[in-house]
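Please look over the model below.

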Amino acid sequence: MNPLPPIFKDWFDRRGWDVHPHQQAMLDQATDRALMLIAPTGGGKTLGGFLPSLIELADGAHAGLHTLYVSPLKALAADIKRNLRTPVDDMGLPIRIEDRTGDTSYTQKRRQRADPPQILLTTPESLALLLSYEDAPRIFNGLQRIIVDEIHALAESKRGDQLMLALSRLQTLAPNLRRVGLSATVEDPQAIANQLACHPDPCTIINADPGPDPDIAMLLTAEKPPWSGGGAKYAIPAVLEQVKQHNTTLIFHNTRAQAEIFFHNLWLANTDDLPIGIHHGSLSREQREKVEAAMVAGQLRAIVCTGSLDLGIDWGNVDLVIQVGAPKNVKRLVQRIGRANHRYNAPSKALLVPANRFEVVECVAALEAAKAHELDGDPKGPGPRDVLCQHILITACAGPFDESVLYAEIKTVGAYQGLSRAAFDDCLDFCATGGYALRAYDKWKRLLQTPDGMWQLRDPRASQRIRMNIGTIQDTDTLKVRLKGNFKPLGEVEEAFAATLTQGDTFLIGGQVVRYENLKEMTVEVSRRADKAPKIATFMGTKFANSTQLSQRILRMFAQPDWPTLPAHTSEWLNLQRKFSKLPEANRILVESFPHDGRHHICVYGFAGRNAMQTLGMLLTQRMEEKGLHPLGFVATDYATLIWGLDPVNDPAPLFEATNIRADFETWLSGNAVMKKTFRGAATIAGLIERNLPQARKSGRQATFSSDILYETLTKYDPDHLMLRITREEALRGLVDFGRIEEMLSRTAGRIDHVVLNRVTPLSLPMFLERGRIGVAGAGQDRILEEEAARLMQAAGVQSL
Amino acid sequence: MNGYYFSFCGTNCVAMPSGALYLPDNSLLCVSDLHLGKSERIARRSGRMLPPYEVQQTLQKLDDDLTMTTPESVVCLGDSFDDLDAAAQLGDDMRLWLAGMQAGRNWVWIEGNHDPGPIELGGTHRREMRIGSLTLRHIATDASAEVSGHYHPKHRLAGRSRPAFLYDKDRMIMPAYGAYTGGLASNAPVLRALFGTSPIAVMTGHKAIPVPTGNG
């Protein structure tokens with residue numbers, strides 16, 4: 001055991017603290033090359049990560065950078081700086097601590113490069129930028145430790161992949177570098193540990209005492225949840241009652257639009273004028289910071305929020321977490337709840353509020369999974385190649401490199417350990433020449449090979465543009481919203497949402513109903529309205545798909561003979577379904593056919609998650625269209641797809657023929673909007689297209705033409721191009737989620753139960769009230785445009801001039 | 001043909017879905033802002049290497065339009081090349097293709113701000129030209145009965161933005177024809193200032209669709 005040095009021991013004693021066992025373990029293992037600490041919030045995780053650094057630096061002998069701390073959020077870096085100052089100042093340690101993020105001033109950044117502090121706090125993007133400078137070797141050569149905070153959050157995204165690639169570079173510059181990861185509870189710690197360590201090094205995992213199990217329950221209400229919808233308006237009185245009984249309550253929602261609507265309704269019912277705030281990613285930064293400050297100061301009794309509040313800010317006084325809507329993912333729920341009630345060793349408290357009848361089932365399934373400590377998550381695929389392309393360009397910015405050395409370095413990154421030399425060469429070729437099969441740029445390559453075999457930028461000035469595009473965060477094009485004649489923005493909406501607005505439309509933002517007036521210099525101008533019901537705010541509706549594990553749990557529940565854990569209204573509903581039709585089973589696909597409202601309907605229960613069920617809807621309607629069954633539209637949820645059309649489906653089995661589905665998928669995929677969106681993301685990260693600069697958008701002139709044109713050109717002339725291969729692989733996992741359709745097909749292996757009825761079934765009923773119906777575009781977009789244009793021409797009284 | 005037939009300053013016109021303007025009575029096809037060689041120029045200047053198939057794609061579109069309309073005259077309304085270097089760098093296969101399209105036709109290159117000098121390719125070179133009552137030039141002036149390009153107008157309707165012709169009783173501004181061309185929103189101040197009254201936009205795509213812009 002490594003005892004604390006006296007000066008540290010005294011400091012702990014003065015505060016009346018004991019070293020937690022996991023902090024001691026971190027000290028004991030401090031010389032390990034890779035070390036990961038899994039601890040709940042409030043367990044002194046950060047101090048555990050920094051203690052070895054502080055001790056090593058206490059004698060003032062180390063010159064230059066010793067420890068690099070990387071967190072996903074700028075705000076977190078600033079917080080940590082403040083928190084670390086306390087022990088360092090109290091003990092009078094000779095340690096300089098600075099942060100470096102997008103907000104750091106230019107002069108400060110320059111000075112940091114010339115004279116780095118002992119501890120530097122930064123983000124993955126700022127670190128990548130530092131590594132692109134020619135003086136990176138000098139800055140980092142004495143580096144001893146890197147601490148990656150919230151590694152579980154980073155590991156899920158491309159930001160984590162970029163960070164780990166940066167670590168491989170750092171390891172070359174500083175061979176003695178030791179890696180430390182700090183993580184919340186996750187389902188597969190070994191997977192994250194493998195990403196952290198320098199492959200094939202082992203990684204020591206230290207588990208802190210997770211504390212007592214959280215106290216989670218479903219919120220019981222006098223009123224029954226509705227059949228469908230996501231508003232949970234019925235639960236408002238019960239939620240307000242809970243808010244009154246607690247100090248600070250966080251009320252989480254799955255989407256920003258739902259949060260806005262709930263907040264609006266909450267205020268209409270808030271007759272006691274309890275201070276309640278709202279926080280989500282579409283609000284302006286000023287507004288979010290105001291709410292965060294009020295929350296930290298304990299001035300708010302409740303905050304209606306989305307995942308934007310998950311990281312970064314101090315949850316000090318929060319003693320209740322309410323999740324509105326089914327959590328869709330047990331791990332996220334458990335991590336969230338774990339942050340409430342900051343006192344270590346006191347159970348955190350949470351309530352789930354199902355928004356509709358089906359979500360009652362989902363919530364109960366999630367509760368049982370949480371109690372059984374069964375976390376979910378999909379295994380991560382291999383390291384994405386668009387991020388690798390960016391890494392190669394960043395490396396080239398710093399100076400000439402040898403391809404074999406770089407390849408060996410990249411193979412030490414866990415996520416890229418399986419990268420073949422051919423795949424690496426593809427990426428290098430893309431960076432150097434564009435990687436086109438049929439035509440080449442003879443004179444204007446981006447990277448050139450010098451006679452000694454080293455790669456370098458053809459034009460060193462290109463490094464500036466590459467640096468400006470560093471990062472993997474996809475910013476959607478958003479427009480600021482402000483009150484007419486007022487300078488301060490209320491928040492932001494997606495450009496695509498703004499484009500659908502016409503004068504007089506009302507929507508919710510920041511809890512108020514506003515009326516769209518006009519678009520002025522890329523700002524949406526609105527006026528205040530006293531209306532109670534707005535046109536629904538559909539901006540940024542990130543809909544999470546139910547995790548595979550949760551779907552399976554629901555199917556297992558359906559197999560039970562009865563449901564003692566479900567409220568009576570819900571178990572009666574399931575019993576009715578069992579009586580009139582049947583309940584879906586895990587290894588079969590249930591298809592119900594029935595007429596309704598003069599149309600033939602089929603409801604397909606596939607339980608593959610919303611994205612996959614949506615894709616299935618597109619594929620099935622395409623096939624029905626070919627068979628002349630005249631499908632008119634469909635709607636998808638996490639568990640089913642409902643399709644309506646002019647003709648009955650008498651034999652659904654051929655629709656689910658796996659080879660047909662795969663073949664249809666290929667044709668459908670290439671023209672799909674999701675593909676274009678995915679392509680845009682990958683091509684931006686890989687450096688093929690540049691980020692939209694704000695100045696260019698302001699002028700109304702597009703800096704570049706739409707990336708859709710590039711997508712279409714490539715599809716037509718170079719269908720096997722690297723960017724298209726990357727796009728395809730990603731879309732399959734992401735929004736298209738064909739992987740889960742494959743999973744459904746193999747799970748059910750052609751076992752299809754077709755139930756023909758003369759009326760709507762109990763389980764399909766909520767589908768009829770679901771939003772997000774998609775019309776089958778037989779004649780396509782032009783038809784819609786044409787009708788709208790004709791109407792406008794007529795209204796304007798012009799046929800031509 | 002999914003074109004939009006209309007009369008402009010006494011001349012019969014067809015706005016084609018591709019973004020070309022066809023004058024049937026004059027047997028003339030006019031295209032503007034081809035920006036050939038744009039990917040080459042971007043690679044030269046920024047190091048980014050876009051799919052180098054843009055010349056091919058633009059010429060294919062032009063070839064298709066020529067096959068459909070078989071005009072005696074073709075007018076390229078300026079900015080046909082992204083710059084003079086790009087014109088010089090045009091591959092031999094593309095030059096041959098272009099020459100094939102020019103054969104037997106009266107081909108006019110109107111000069112644009114990107115390609116002011118003469119180009120070593122077939123066809124004649126002009127600053128502007130007159131066809132019946134119309135004047136064809138690259139950048140709009142305040143003269144009437146004028147057809148020009150330069151601004152790459154786009155129009156947005158039902159959430160979709162497409163390259164578009166803009167016209168009122170005095171002038172017409174053509175959309176950019178080249179594959180890799182951005183656009184300027186039809187309600188941008190510079191475009192609003194050019195039109196006295198609210199112009200009509202003819203949106204391109206699978207079909208040419210006219211719609212009032214409502215820009216006063």
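Q: Which residues is A:Val148 in contact with, leaving aside its neighbours within four places in sequence?
A: They are A:Val70, A:Leu154, A:Leu163, A:Val180, A:Gly181, A:Leu182 and A:Leu196. Two residues are in contact if their C-beta atoms, placed from the backbone, lie within 7 Å. This is a predicted model, in which local features need pLDDT of at least 70 and side-chain atom pairs count only at pLDDT 80 or more, while totals for chains, interfaces and linings use all residues. Residues are numbered from 1 along each chain as its sequence is written, and chains are lettered from A and ligands numbered from 1 in the order in which they are written.

Q: Why is A:Ile97 called buried?
A: A residue is buried if 20 or more other C-beta atoms lie within 10 Å of its own, exposed if 12 or fewer, and partly exposed in between, with C-beta atoms placed from the backbone. A:Ile97 has 21 such atoms within 10 Å, so the term buried applies. Its place is in strand 3 (residues 97-100) of chain A. Leaving aside neighbours within four places in sequence, A:Ile97 is in contact with A:Lys81, A:Leu84, A:Arg85, A:Val88, A:Pro117 and A:Ile119.

Q: What makes helix 6 of chain A largely enclosed by the rest of the structure?
A: Eight of the eight residues of helix 6 (residues 124-131) are buried, so the helix is described as largely enclosed. Among the buried residues are A:Pro124, A:Glu125 and A:Ser126. Helices (H or I, at least four residues) and strands (E, at least two) are DSSP runs, numbered from the N terminus. Chain A has 30 helices and 26 strands. Of its 801 residues, 44% are buried.

Q: Which members of the largest nonpolar core touch the most other members?
A: In this core of 206 residues they are A:Val148, A:Ile251, A:Ile303, A:Val304 and A:Ala366. Helix 15 (residues 357-371) of chain A gives the largest share, nine residues. A second, separate core has 53 residues, including B:Val74 and B:Ala201. A nonpolar core is a set of buried Ala, Val, Leu, Ile, Met, Phe, Trp, Tyr and Cys residues joined through C-beta atoms within 7 Å.

Q: Why are helix 11 and helix 12 of chain A called roughly perpendicular to each other?
A: The axes of helix 11 (residues 236-245) and helix 12 (residues 256-269) come within 10 Å and cross at roughly 75 degrees. Axes are lines fitted to C-alpha atoms, for helices over the stretch in contact, and angles run from 0 to 180 degrees between N-to-C directions. Angles under 35 degrees count as roughly parallel, over 145 as roughly antiparallel, 65 to 115 as roughly perpendicular and the rest as oblique. The two helices are therefore roughly perpendicular. A:Ile236, A:Pro237 and A:Leu240 in helix 11 meet A:Asn265, A:Leu266 and A:Ala269 in helix 12.

Q: How do you know that A:Phe607 counts as buried?
A: A:Phe607 has 27 C-beta neighbours inside 10 Å, so it counts as buried. This residue has a positive phi of about 50 degrees although it is not a glycine. A:Phe607 lies in the loop between strand 22 (599-605) and helix 23 (610-626) of chain A.

Q: What makes B:Asp33 buried?
A: B:Asp33 has 25 other C-beta atoms within 10 Å, so it is buried. Its phi is positive, about 55 degrees, although B:Asp33 is not a glycine. The loop that holds B:Asp33 runs between strand 4 (28-31) and helix 1 (38-46) of chain B.
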